[in-house]
Amino acid sequence: MVKNLITSEQNTWCMGCGNFSVEHSLKEVFAGMRDDSKSLDEVVLVAGIGCHGKIADYLNVNSVYSLHGRAIPFATGIKLADNNLKVICCVGDGDAYAEGLEHLIFAAKRNIDITVIVHDNRVYGLTTGQYTPTSPYHFKGRSTPGGSPERPVNPLSLMLVSGATYIARSYSGRKEHLAGIIRAGIEHKGFSYIEVLQICASYCDMTDSYEEKTEIRNNENLTSYSGAEEIINIWNYDNGKEIPLGEFYQVNKSAYEDEFSPVSDVNSGKTSVTEFLDGI
């Protein structure tokens, strides 16, 4: 029996929310995996806390909610328990760049084979509009009515220096491009970091800016670190005439779970922490 990939749960996202595009891009990717005779029973979707987190209710695959800022450790643990699984981790910008920043950095450093999709609407939407680490300079929200005095971070630059082996950016207004980037990230062996620029229709509607400035511009040599640096720094999350979208960096390195000590003994034939613990 072919199951519907969208559940019957009532959707509570605001009209026009960028989360819809991520949801349906993932649905297309999952449908493609199923068409290729890959079992969706081997897919696990981990979500953080925030508006984006409801995606765990709306997509009909194995899923789990985590604590705020702790989705990546959940995903890491699931992957170590069974490294045959495809583990996809949806997090928000507050979730990944503020509450759980250290987890994001260490997942990249370890090159754990999970795919992290950051729903970056550049605001805390669920709590009605506080600024986040990627909010524009002088952003006026609930917590900063006079304008935030902090300048935004460039998370892609942080991921590059932290060791991420796949780095890409897309925009919720370009669903076909987004689905392609997600598909490539899932197929990559190692830590995949995908940033999705998306609007918050209620508290940070960047539609006009993104429609005008986003351009698909891949790094022509994906293994070039300096090439990735150059394209990543074209936009500083505040000003700029162009916002590049595309694949910026991809290299092959051994994945963390392949070297993790309990399962690294190739002679044991064990492929997961679960199998290792069963033998104790």
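Arg-110 lies over the face of Tyr-256 and Arg-151 over that of Tyr-137, as tabulated below; a charge counts as sitting over a ring if NZ of Lys or CZ of Arg is within 6 Å of the ring centre and within 35 degrees of the ring normal.

| Arginine | Ring | Distance from ring centre |
|---|---|---|
| Arg-110 | Tyr-256 | 5.8 Å |
| Arg-151 | Tyr-137 | 4.1 Å |

The model is predicted, with local features needing pLDDT of at least 70 and side-chain atom pairs pLDDT 80 or more, while totals for chains, interfaces and linings use all residues. Residues are numbered from 1 along each chain as its sequence is written, and side-chain values use heavy atoms, leaving out hydrogens and water.

Rings of Phe, Tyr and Trp (its six-membered ring) pair if their centres lie within 6.5 Å, planes under 30 degrees apart being stacked, over 60 edge-to-face and the rest tilted; the count by this rule is 5 aromatic pairs. The centres of Tyr-171 and Tyr-210 are 5.4 Å apart with planes at 65 degrees, so this pair is edge-to-face. Both Tyr-171 and Tyr-210 are buried (under 20% relative accessible area, with exposed over 50% and partly exposed in between, for a 1.4 Å probe and protein chains only). Ring pairs also link Trp-13, Phe-20 and Tyr-58 into a cluster.

Ser-135 is buried, its relative accessible area being 2%. Leaving aside neighbours within four places in sequence, Ser-135 is in contact (heavy atoms within 4.5 Å) with Arg-122, Val-123 and Pro-152.
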